[in-house]
Amino acid sequence: MLADLKTQLQTHLERSLKGSLPAKVSLPPIELDTPTEKIHGEFSCNVALKSTKILKKSPLDIAHEFCGIFQKAIQTTPLKDKIDKIEVKKPGFINFFLSRHAFYDVLVQIFKEGDRYGKSDFGRKKKIQIEFVSANPTGPLSVAHARQAAVGDALAR
């Protein structure tokens, strides 16, 4: 569910920027990352930092401009109840904070799917190669080699 929300948000952000900026301006793609520290929200975007050479402005100014565009755009979408706030942080990151409604939707999905929650058929019936032990025959083997062999074997099964 959060992955779907992330994709929806990314799509709306890209549309809002394309609709607000002149057609001749070609910005880098919007990428939403998960910040390492939760004080920076659930998603973070560095499009303002990547756009400094194109727009010839400081990343912080661009971030504030984009933040206003994003806030307006989100108010006209179903995401308005799921995004609690959008903030700008130095040197030009745009951070998105999810509301309780977004997390409630995830909980509802967990209860609906039960044991199936989080399971995926991605890659089913496709062959992959897992290389998990690289024992050097000219050097001594260690406990780590045995552990890597056990983990690799479990992954392969």
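This report walks through a helix pair, some salt bridges and a nonpolar surface patch.

The model is predicted, so local features need pLDDT of at least 70 and side-chain atom pairs count only at pLDDT 80 or more, while totals for chains, interfaces and linings use all residues. Residue numbers run from 1 along each chain as its sequence is written, and side-chain values use heavy atoms, with hydrogens and water left out.

**Helix packing**

Let's start with helix 1 (residues 2-20) and helix 4 (residues 59-74), which pack at an angle of about 115 degrees with axes 9 Å apart. Helices here are DSSP runs of H or I with at least four residues, strands are runs of E with at least two, and both are numbered from the N terminus. The axes are lines fitted to C-alpha atoms over the stretch in contact, with angles running from 0 to 180 degrees between N-to-C directions. Helix 1 and helix 4 therefore count as roughly perpendicular (the label covers 65 to 115 degrees). Their crossing is right-handed, meaning that the near helix is turned clockwise from the far one by less than a right angle.

**Salt bridges**

There are 5 salt bridges in the structure, each being a side-chain nitrogen of Lys or Arg within 4 Å of a carboxyl oxygen of Asp or Glu. Among them are these:

| Pair | N to O distance |
|---|---|
| Lys50 and Glu31 | 3.2 Å |
| Lys57 and Glu65 | 2.8 Å |
| Arg124 and Asp121 | 4.0 Å |

The salt bridge between Lys50 and Glu31 ties together distant parts of the chain: Lys50 sits in helix 2 (residues 47-50) and Glu31 in the loop between helix 1 and strand 1 (32-33), 19 residues apart.

How open are these side chains? Lys50 is partly exposed at 35%, as is Glu31 at 37%.

**A nonpolar patch**

Ile128, Ile130, Phe132, Val133, Val151 and Leu155 make a nonpolar surface patch of about 540 Å². Patch residues have over 30% relative accessible area and no salt bridge, with nonpolar side chains (Val, Leu, Ile, Met, Phe, Trp, Tyr) joined within 5 Å and like charges within 9 Å. Areas come from the Shrake-Rupley method with a 1.4 Å probe; for residues, only the protein chains shown count as cover. Phe132 lies in the loop between helix 5 (100-113) and helix 6 (143-156), and is partly exposed at 31% relative accessibility.

Technical notes:
Buried < 20%, exposed > 50% of the residue type's maximum accessible area, 1.4 Å probe, protein only. Parallel < 35°, antiparallel > 145°, perpendicular 65-115°, else oblique.
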